[in-house]
Amino acid sequence: AAPDVAADAEQQKLEQAFKAADKNGDGKLSLAEAKDGMPRVAKNFGRIDANKDGFVTLDEINAARGGR
């Protein structure tokens, strides 16, 4: 059970960082928002942006992290 607790904590941290980075509250990050708030996401933006719409969502970030 311990790994699940760690995964949940990791997921919560990710969601908090995402919300903090999402300055306009639209539920997705532009490259500029990612650069400011989630630099690792910004660095891999093109790979994470699965549908190539110029934004990354929490779902896309989770999928890129290994599909939690």
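In what order do the elements of the protein run from the N terminus on? They run α-β-α-α-α-β-α, which gives five helices and two strands. Helices here are DSSP runs of H or I with at least four residues, strands are runs of E with at least two, and both are numbered from the N terminus.

Before I continue, please note that this is a predicted model, in which local features need pLDDT of at least 70, side-chain atom pairs count only at pLDDT 80 or more, and totals for chains, interfaces and linings use all residues. Residues are numbered from 1 along each chain as its sequence is written, and side-chain values use heavy atoms, with hydrogens and water left out.

Let me turn to overall dimensions. The C-alpha atoms fill a box of roughly 35 × 20 × 20 Å along the principal axes.

Of the 68 residues, 28% are buried. Buried means under 20% relative accessible area, exposed means over 50%, and partly exposed lies in between, with a 1.4 Å probe and protein chains only.

Which residues form the largest nonpolar core? There are twelve: L14, F18, A21, L29, A34, M38, V41, A42, F45, I48, V56 and I61. Helix 1 (2-21), helix 3 (39-43) and helix 4 (45-48) are the elements that give two or more residues to this core, and helix 1 gives the most, with three. By nonpolar core I mean a set of buried Ala, Val, Leu, Ile, Met, Phe, Trp, Tyr and Cys residues joined through side-chain atoms within 4.5 Å. As a general point, nonpolar side chains tend to be buried together in soluble globular proteins.

Not counting residues up to four places away in sequence, V56 touches F18, K28, L29, V41, F45, I48, D49 and I61; contact means heavy atoms within 4.5 Å. A42, in helix 3, is buried, with a relative accessible area of 15%. Leaving aside neighbours within four places in sequence, A42 is in contact with L31, A34 and K35. The C-alpha atoms of A42 and L31 are separated by 6.0 Å, although these residues are eleven apart along the chain.

From C-alpha to C-alpha, D36 and D53 are 19 Å apart in space and 17 residues apart in sequence. A6 is found in helix 1 and counts as partly exposed at 45% relative accessibility.

Finally, K52 lies in the loop between helix 4 and strand 2 (56-57). K52 has a positive phi of about 55 degrees although it is not a glycine, and it is exposed, with a relative accessible area of 57%.
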